[in-house]
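Thanks for coming. I will go through one model this morning, part by part, and give the cut-offs as they come up.

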Amino acid sequence: MTTLALDATPGPARRTLAAFAGNKLALTGALVLLALLAFCFLGPLIHPTDQIHTDLSQTNLAPGAGHPLGTTDLGYDMLGRLMHGGRTSLEVGLAAGVLATLFGTVYGAVAGYFGGWADAAMMRVTDAALAIPALFLLVVVATIVTPSKPVLILVIASVAWLSPARLVRGEALALRGRDYLHAMRLMGGGGGRAVFRHILPNAVGTVMVNATFQIADAILYVAYLSFLGLSLPPPAADWGSMLSAGITYTQVGHWWLIFPPGLAIVLVVAAFHCIGDGLRDAFDVRLENLGRS
Amino acid sequence: MTHPLLRIEDLRVEIAGRDRTVHALDGVSLDLAPGDSLGIVGESGCGKTMTALSVLRLLPPGGRITGGRILFDGTDLAAAPEPVLRGIRGNTLGMVFQDPLTCLNPTLTIGAQVAEPLLLHGSLSKAEARSRAEEMLRLVGLPRPAERMAHYPHQLSGGMRQRVAIAMALICEPRLLIADEPTTALDASTRHQILELIDDLRERLGMALILVTHDLGVIARRVDRVAVMYGGRIAERAPVRRLFTTPRHRYTQALLAALPERATAGRPPAGIPGLPPSLLTRPTGCRFAPRCGFAGDRCRTTEPDLAGGEHSFACFHPVDPAVTRTDPAAAATDPAAGLRAPAAPPERSDEPLLRLSGVAKTYPLRAGPFARRRSGEGRAGEISAVAGISLTVRRGETFGIVGESGSGKSTLGRLIVGLEAPTEGTIRFAGRDISTLTRRELRAHRRNVQLMFQDSYAAMDPRMRVGAVLREPLVIQGIGNKAEQRRRIAELLDDVGLPRGAVDRYPHEFSGGQRQRLGLARALALAPALVVADEPLSALDVSVQAQILRLMRELQREKGIGYLFISHDLAVVRHLADTVGVMYLGKLVETGPARSVLTRPLHPYTQGLLATVSPPDPDAAAPGTPLSGEAPSAAAPPSGCRFRTRCPHAVALCADSEPPVAEPFVAGHRVACHLV
Amino acid sequence: MIPFLVKRLAQAAVVLLLVSVIVFALLHLLPGGPARAILGVQATPEALAHFNHQQGYDRSLPEQYVGYLGRLFTGDLGESYKLNQSVLSLLGERLPRTALLAGLSLALAAALAVPLGILQAVRRGRAADHVLTGVAFLAYATPVFFLGLVLILVFSQELRLLPAEAPQADSVGGILADAPALVLPVVTTALGIIAAFSRYMRSAVLDNLGEEYVRTARAKGQSGARIMARHVLRNALIPLATLLGLYLPTLFSGTLVVESMFNYPGMGLLFWNAAQASDFPVLLGVTLVVGVATVLGSLITDIAYAVLDPRIRSVP
């Protein structure tokens, strides 16, 4: 820096946003996600269909007039079902991902900030829970409870919170040793100020990046559970249950029952990954610029 | 001059970044005869390291040579194809880098790494190469080389690793060794040993040497000729003695004037205002003109050429040799500096502000700042970081703590400011034992003692603007309303010489020197009676060091602050401190009035430490016996006198009992040694 | 090294204990408790009460847990009431098959991911890097069952190159003998892991290429290829050991899906069938064994890491 110009420097949030907007991959991800959201939530306005009542006179129709993506084995319009099922997948995925991130962040921050025995005990619990592969745990829990949207959200969040917890704990441990926290203590500041003024704002980047990956994972979990036969009871649907319903017809070549929901899952999960990756780069760019002048 | 070994002609290097290009070198020319030695000096960012790296074409990503020639033994390295270069690197041209911690491969044995160049360039068998490597390790003074061959870098100390790096560079007996800041990361006594080693090997192998350093003391007695770089060009080139006695370029003169070693009581070291050019654009005119007190119109429009024979310089208003011969630093860049009246000693009373008695701090070995990653559970014992220190700091006084890394001086600082609690002993501030304070009292006490960090940047939340950073102490302590706080912040910025507009900026937008000013401003926000400054200058260039040093003195005079100044740099401490304490392995071995301790040291450690300092003066008399060896681990300190394992005079008694503190000659000058 | 081992073993022991607590807790979360789980839905309340008393399920939870732990140590995981076989003997049959599938997939993943990651790092920012990055993102995002379905459609139904059903042989040797049938299950399990590992390798190689020891090696006259082989790879590969351990849960989740898709008679299929039939002793037995396998697996990879990395192996 050679001169101190008069206008203030943009803050970290704006710098991050600018870096994100400059990242093509991330921008593509965000656009794809917006398009999918519009498709699922606004689509039925343009293409209204009955997703409650089966129509056994119209089963397994190939794509054609009136049914752009054909019909299912129960006579639902496939395009409309894709919108209908997408709402479930996205709603449950988003809710579970956010819930898991919130709980995991608090858990991790507490463990990391207090350290010592509390930390060791709390982390062994997450180790043990992580040791049992998520799908196994989900399947056992799902056989015990009867699936409904809130239950699904809770069940998925109950396994998904582990990774943000670990991550935030590591971040809190690292931030706790930073000199600016020592400086703050020397001014007489206490734990509250440390956590809310310094640790959390500086961990926000990590948490946000992880949240996007959590949501992606949660959407996948919804699909896996449905595939394993543990989905919301019909006429409700989600992309995973649609896909597993279509598997029966692989042999006879009813591709429209398989590819639309499958690709929809791939698309939405990839979109979240692109956004997360872009956010990570954006936060990194910010950090890279710091310290260099 | 004889046929040169290395000849650099009009070298130009650019480094392309994400969205900008730095013109790192802009027409550098150098000559080096076989067996000759050249020092390259200058502030950071002036192109010293780039010059060294471009000779081997090891430029960082994005860097490329855009013009000029590098003739090494008749081959133009700037244009040579990669295979030709590979045949030269490590073979006839060796290089030693700055940081011995990162320049060795952590997962290869030392033996394999040292033997590597031989296998690449020689026709030796593996076994022969290994035995040569072992021989080389012995030559660079690595104890028990045969055993060390199978060790990994992390098992060696920094100094030992640098010896290994030197062995690696020299194993093919190159004709030229390039050493880029080879001692910057090392302690004073190790630095001295490494420089002696390079000297010795150069003589033995008859090779030429290029020594790149920011430290004028390092080159003063170790090279034949010096090139001073500024802004990607050579400002001045001269035989070493001529450069130190009769510098001609105004930049060289200013650099010398900034040295604390050359300062006297009446003339503090003079900083160079401003910063080196960023080199994003090619400056017009003399690159030093914006910081030069003598610059005229011509300097700003025309670029001076390097002119002259053996002593050449690129300056339109060179220093008159007749003036500088008497006192080379007298007429510095800032013409007012020499004229300033001798500083009145700051007012101070005999009232003790801070009193430590028997303060000790031990860490369990498996936790705390010394713990290795994954060191595991072990009852191996404790680290004795600070072991029974008693001292008194009076109001308005500057108490300097000197010691090498690992001496416990930073831990002592942390204990005094209350970041950690001592395991033993008491710390009294203005008569009150800090450990007896209640929470509320402790919070209020925080106003009295503040810490100035070594890296002020790390000590500021990167997400806060400077205004918020400076306001934080006032908010925490509940001082003033918003408007008053704003006024106070403006006042603080004025005090440390920063524009008031800085409040809207983020810490990362400031240079190293400006950040230290910010750090000082924040330390002063609560108007403390004592500021503990932990190596506040060590990350700065000399030119900036001098500015901060001066600022600290001025503020002390104005506000009557006391400093506890922690530093490894004896020259800086000599300049600033009224009282000095010398620490070794957690003990205060000697303490007393600065003048007395630093001119007539009583403890063998202090004597050794002073002897390792290389004064920036080619004619300085060779000092006494410098320290040899390395400090033992604080996990297993020697019995009795902790220094005895490195002490040239140690006797049986030293191992048996701890030396008592005596005050043999000068009042207040105490020493803990059996032999005084 | 020794203190590290001791600490790591102690940690693993604690985690194993906690895994057993989680499974024990699941057992008690079951509607009707363990009695219902074992006796089935048709059992009368009297039968349940009798069973609870006989098995000690009317005692306090801590007492019961100690009993449960005791049975675990004798290898008593209960009886499958659908298959009329002890859970332990079922697992004895199935575990080696799943281990085979997981091992082959992991080997394939490592064998492909390492060169791919290096290629991406060396060609950073060029077409190959961008293409492989895109593919990795898609591979990440593809649910294992969708991938399996696509592979079956393409390679089995359309091209008729590979069978859609996994080998049905009982022995490991028999399974290996039916190699073509093994291709699709192994590839399906491995793809996501290949994506993850190659991303890791790419960034690890890039990080190491930026290290100063690489510059030192260049200053010695080493060529780019030999710097990669002799210096960079060694440093980039060592942490891969830990990554293997971290991916074990993902791997086992993958085998669960793949086994049920390809009808591969391993633990995953056993588990899936048990889930359909609410065969709780089997469900919980498999969950416990998979958890234990993960803990032990990551213990082994951590020890391997410590052995491979001289900075941990030989602390001065």
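The cover over the buried residues of α10(B) includes α8 (216–220), β9 (225–230), β10 (233–239), α9 (240–245) and α18 (542–559) of chain B. Cover is counted by contact, that is, heavy atoms within 4.5 Å. Buried means under 20% relative accessible area, exposed over 50%, and partly exposed in between, with a 1.4 Å probe and protein chains only. Among those buried residues are Arg250(B), Tyr251(B), Gln253(B) and Leu256(B).

Before going on, the conventions. This is a predicted model, where local features need pLDDT of at least 70 and side-chain atom pairs count only at pLDDT 80 or more, while totals for chains, interfaces and linings use all residues. Residues are numbered from 1 along each chain as its sequence is written, chains are lettered from A and ligands numbered from 1 in the order in which they are written, and side-chain values use heavy atoms, with hydrogens and water left out.

Staying with chain B, some loop residues. Tyr457(B) sits in the loop between β17 (449–452) and α15 (466–476), and it is buried at a relative accessible area of 16%. Glu173(B) is not a glycine but has a positive phi of about 50°; its loop runs between α6 (158–170) and β7 (176–180) of chain B. Glu181(B) is also a non-glycine residue with positive phi, near 45°. Its place is the loop between β7 and α7 (188–205) of chain B. Is Glu181(B) buried or exposed? Glu181(B) is buried, with a relative accessible area of 7%.

Now chain A. It has 12 helices and zero strands. Its C-alpha atoms fill a box of roughly 75 × 50 × 30 Å along the principal axes. Of its 293 residues, 55% are buried. Among contacts in chain A with a separation of 6 or more, 71% are between residues 24 or more positions apart.

An unreviewed UniProt entry lists several stretches of chain A as "transmembrane region", including 25–46 and 256–276. Positions from UniProt are given in the numbering used here, feature names are shortened, and annotations may be inferred rather than shown by experiment. Residues 25–46 of chain A are 95% helix and 0% strand, with the end C-alpha atoms 29 Å apart. For residues 256–276 of chain A the values are 86% helix, 0% strand and 30 Å.

Arg193(A) is in helix α10 of chain A and is buried, at 19% relative accessible area. Leaving out residues up to four places away in sequence, Arg193(A) touches Met184(A), His198(A), Glu472(B), Val475(B) and Ile476(B).

Next, the contact of chain A with chain C. It takes 40 residues from chain A and 46 from chain C. About 3700 Å² is buried between the two chains, 83% of it on carbon and sulfur atoms. Buried area is the accessible area, 1.4 Å probe, that two parts lose on being put together, summed over both. Arg124(A), Phe136(A) and Ile144(A) supply 18% of the area that chain A buries against chain C, more than any other three residues.

Salt bridges do occur elsewhere: over all chains the search finds 48. One of them joins the side chains of Glu91(A) and Lys149(A), at 2.6 Å, N to O. Glu91(A) is in α4 (residues 78–114) and Lys149(A) in α7 (residues 149–160) of chain A, so the pair ties together parts 58 residues apart in sequence. Glu91(A) is partly exposed at 30%, and Lys149(A) is partly exposed at 31%.

In chain B, Arg12(B) and Asp10(B) form a salt bridge at 3.1 Å, N to O. Both belong to a salt-bridge network that also links Asp26(B), Arg233(B), Arg282(B), Arg287(B) and Glu303(B).

How values were computed: Helices (H or I, at least four residues) and strands (E, at least two) are DSSP runs, numbered from the N terminus. A salt bridge is a side-chain nitrogen of Lys or Arg within 4 Å of a carboxyl oxygen of Asp or Glu.
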